[in-house]
Amino acid sequence: MTSVRERARAGAAAAPQYIAEIQGLRTVALLMVATFHIWFGKVSGGVDVFLLISAYLLTRSLTAAAEQRTGVRLVPFILRKFARLLPAAAAASLLALGGALLLLSQRHWEDLSQQALAAISYTMNFWLQGNAVDYLAQARSTASVFQHFWSLSIQGQMFILWPILHVLVALLFRARVRRALLVLFAVIFAASFAWSVVSVSADQRLAYFDTWGRLWEFAAGSIFALIAPSLRLSSRVKQWMTWVGLAAVLATGWVLPVESAFPGVAALWPVLAAGLVLLAADAPRDPEDGGNALLRHPILERSGSYMYALYLTHWPALVLFAAATGIERPDPLQGLGILAASAIASVLIHHLVEQPAERFARAGRGRWGWWRQAVAIVVSVALVVGSVVAIRVVLDRSAAEQEQAQATLDLETMGANADPGQVFSTIYPGEALNASFAQEPGEPCAEDDAYLAGICRDWGDTQTPERTIVIVGSSHSTAMSPMLMETVEQHPDWHVRTYTSPGCYFHWPADNAWPEDVGACSGTWRTAIDYILATSPDMVFTIASLTHPDGTEDLFTTGGGFAGFVEYLHERTDTLVVGLRDNPRTDFSPLECAEREGYESSSCSFSATLQIDGLEDYASSIEDAGGAFIDLNDRICPGGLCTPALGGIVTYVDNSHIGEDFARSLARFFSRDLHAEARWFPEDPWR
């Protein structure tokens with residue numbers, strides 16, 4: 001009889017055998033992903049298991065080839081991988097694109113095009129990082145239908161990098177391939193794990209999609225694959241390892257904050273848990289060892305063939321359901337419908353696309369058999385790229401027509417200035433254009449400027465301006481600035497400097513007594529105030545309150561208070577500080593709602609609190625200190641009702657920001673109120 005050790009050596013030298021438990025574990029992991037997304041709105045940790053299994057099987061196959069001295073032809077190997085993956089990915093991408101084009105307005109098509117290209121090129125994780133997407137934090141109805149491609153992108157990148165590493169090690173260490181690979185992947189594991197811990201603490205949103213922060217999960221899978229053949233485990237120990245590992249895998253999404261802590265230290269849980277299952281399944285076994293009955297069950301094993309396609313289809317189905325209905329969290333029956341639709345799509349993709357493409361790619365024989373795989377890859381990519389090109393042609397044509405119409409808008413009779421009884425058949429900006437709030441006017445401040453902080457920009461005459469204005473604060477200061485700039489832009493000899501930082505509302509300690517160390521927001525305000533004290537501008541424009549989606553509002557009365565800030569600057573510079581009341585907010589996007597249900601739908605409007613206790617006294621305190629408090633909320637939300645469009649122009653571009661065109665339509669009301677305090681400022685921007 002041969003010993004277990006001898007059988008292990010023989011197993012290491014033989015071609016790797018199919019293991020049903022691994023297929024079962026992959027089925028469990030991907031079902032976890034789908035069900036957690038659909039019913040619980042959480043991340044399950046199943047993707048981490050999926051990535052681990054991919055690396056495990058990849059290293060298992062490549063190492064066996066190296067030890068058998070058959071070697072690996074690198075390019076054909078990579079082509080085979082992508083020829084198997086891309087046809088299904090392309091089919092799912094086209095389905096997602098088609099559904100999104102039917103349900104989403106043209107305003108989303110440009111992003112859809114970019115996302116489709118990122119998905120099919122295996123760079124979706126980079127796109128999500130570049131757009132600062134917070135995984136699962138945003139509403140489902142506004143999420144990308146291609147967001148789930150982030151993990152497939154990382155997997156695809158590894159399907160290029162990992163074979164290269166294996167081939168290089170096999171060339172350099174022919175006699176000790178397994179040992180050399182263990183050292184290599186241990187180093188990668190340590191470096192990547194350390195990086196993931198640091199990056200998660202610095203910015204978890206970016207770290208979640210980071211290839212370098214995920215390498216350690218692949219390295220762990222490879223390490224497990226390398227040590228499995230040398231293990232000597234009894235059947236009882238294997239069963240214990242499998243059940244404990246499987247239970248821990250299933251518990252991941254319930255016991256760990258996956259969406260806010262991965263891929264750092266917390267991700268060790270599912271990786272080690274799945275590792276137990278893999279090692280128990282792949283370690284040398286006696287003939288009488290039947291393996292784990294659950295993971296080897298025919299239902300799990302056969303379902304595994306559809307799991308890749310199910311992963312590709314479940315997320316677009318969930319996002320499109322939310323976009324069509326406005327329901328962010330489906331109930332059990334709705335969730336079952338989404339899962340059933342996804343399952344049907346996955347079966348069709350598997351049988352009508354995945355299997356035929358695989359048969360075509362494998363039909364080639366001999367030295368030139370690789371061309372069939374190349375054809376499968378090229379056709380898959382070309383179908384998606386061709387669709388994107390067609391979408392952009394249509395979008396560009398629509399956008400050009402709508403831009404031409406928008407350039408002729410008569411703001412004197414539209415938006416906040418429109419007759420309340422007038423009906424507008426067209427809402428601007430059109431659906432092919434991006435409905436957004438204004439960006440900071442002008443150009444970036446000079447790099448050698450003595451007062452650089454936050455988003456610093458200069459507009460107009462910076463040398464000998466007739467008037468100087470400073471805009472400071474959060475994105476709401478920027479969003480409201482068009483009502484000021486509508487007049488300013490008619491005076492090119494004026495100068496506007498902007499100091500803004502996202503989410504950075506009024507910051508000021510009494511008497512300008514800043515501590516030595518301040519954060520980014522406080523630093524922006526401190527530098528802006530230093531600039532104001534040094535240059536004595538004619539006006540400072542900012543937001544003087546903070547509204548909340550529940551209708552409450554903060555007036556800046558604590559610490560030095562806004563009135564104290566006004567008095568401090570007015571006494572030292574004679575600068576007029578203009579504090580604009582913050583606009584009302586809500587907890588949903590009126591624009592997204594209107595595009596789904598229509599601009600006249602009452603469900604897309606919300607009530608605003610126009611009067612709050614202490615507001616009049618607050619305004620008086622600012623005016624007594626030498627400043628001006630301007631409240632235009634009755635013009636934004638007439639009668640206390642905020643609608644997605646007013647006077648033919650979109651009002652809110654998200655849950656809190658006013659659109660640029662509508663903000664410009666407020667210019668007359670703003671100018672009238674400001675003219676009463678500053679006679680040099682024109683009373684009417686259009687006269």
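How many bridges join strand S3 to strand S4, and do these strands run parallel or antiparallel? Six bridges join them, and the two strands run parallel. This pair belongs to a predicted model. The report starts with the whole chain, then returns to the sheet.

## The chain as a whole

The protein chain has 687 residues, and 55% of them count as buried. It holds 25 helices and 13 strands. Along its principal axes, the C-alpha trace spans about 105 × 55 × 45 Å.

Contacts across the sequence can also be counted. Take the contacts in the protein chain with a separation of 6 or more: residues 24 or more positions apart account for 78% of them.

## The seven-stranded sheet

Strands of a sheet pair through backbone hydrogen bonds, either parallel or antiparallel. Here, seven strands form an open sheet with mixed pairing. The order is S1-S2-S4-S3-S5-S8-S10. Strand S1 (443–444) and strand S10 (628–630) stand at the edges. Each has a single partner strand, so one side of each is left without a neighbour in the sheet.

Helix H20 (residues 561–573) lies across S5 and strand S8 (576–580). H20 runs at about 160° to S8.

## Strand S3 and its partners

S3 covers residues 468–473, and S4 covers residues 495–500. Two facing pairs can be named. Isoleucine 469 stands opposite valine 496 in S4. Valine 470 stands opposite arginine 497 in S4. S3 also pairs with S5, in the parallel sense, over three bridges. There, isoleucine 471 has phenylalanine 541 of S5 as its bridge partner.

Is S3 enclosed or open to the outside? Six of its six residues are buried, so S3 is largely enclosed by the rest of the structure. Both faces are covered. Thr468, Val470 and Val472 are buried on one side. Ile469, Ile471 and Gly473 are buried on the other.

Helix H3 (residues 46–67) has 22 residues. From its first C-alpha to its last it reaches 31 Å, close to the 32 Å expected at 1.5 Å a residue. H3 is mostly covered, with 19 of its 22 residues buried.

Two packed helices are described by the angle between their axes and the distance between the axes. For H3 and helix H8 (residues 177–202), the angle is about 145° and the axes are 10 Å apart. H3 brings Thr59, Thr63, Ala66 and Glu67 to this contact. H8 brings Val177, Arg178, Leu181 and Phe185. By class, the contact has four nonpolar, two polar and two charged residues.

## Backbone points to check

Most residues other than glycine have a negative phi, and most peptide bonds are trans. A few places in this model depart from that pattern. Proline 263 sits in the loop between helix H12 (258–261) and helix H13 (268–282). The bond from tyrosine 428 to proline 429 is also cis, with omega near -5°. Proline 429 lies in the loop between helix H16 (370–406) and S1.

Aspartate 511 has a positive phi, near 60°. Asparagine 512 has a phi near 60°, again a positive value in a residue other than glycine. Aspartate 511 is in the loop between S4 and H19, and asparagine 512 is found in that loop too. Which side of the burial cut-off does each fall on? Aspartate 511 counts as exposed because its relative accessibility is 58%, over the 50% limit. Asparagine 512 counts as buried because its value is 15%, under the 20% limit.

## Threonine 643

Threonine 643 is found in the loop between strand S11 (641–642) and strand S12 (645–646). Its relative accessible area is 18%, so it is buried. The side chain of threonine 643 reaches the backbone oxygen of alanine 645 at 2.8 Å. Leaving aside residues up to four places away in sequence, threonine 643 touches Ser605, Thr651 and Tyr652.

Notes
Residues are numbered from 1 along each chain as its sequence is written. This is a predicted model: local features need pLDDT of at least 70, side-chain atom pairs count only at pLDDT 80 or more; totals for chains, interfaces and linings use all residues. Side-chain values use heavy atoms; hydrogens and water are left out. Helices (H or I, at least four residues) and strands (E, at least two) are DSSP runs, numbered from the N terminus. The expected span of a helix is 1.5 Å times one less than its number of residues. Buried means under 20% relative accessible area, exposed over 50%, partly exposed in between (1.4 Å probe, protein chains only). A polar contact is a pair of N or O atoms within 3.5 Å; within protein, one must be able to donate a hydrogen and the other to accept it, and residues adjacent in sequence count only if both atoms are side-chain atoms. Contact means heavy atoms within 4.5 Å. Axes are lines fitted to C-alpha atoms, for helices over the stretch in contact, and angles run from 0 to 180 degrees between N-to-C directions. Ala, Val, Leu, Ile, Met, Phe, Trp, Tyr, Cys and Pro count as nonpolar, Asp, Glu, Lys and Arg as charged, and the others, Gly among them, as polar. Two strands pair if DSSP finds at least two bridges between them.
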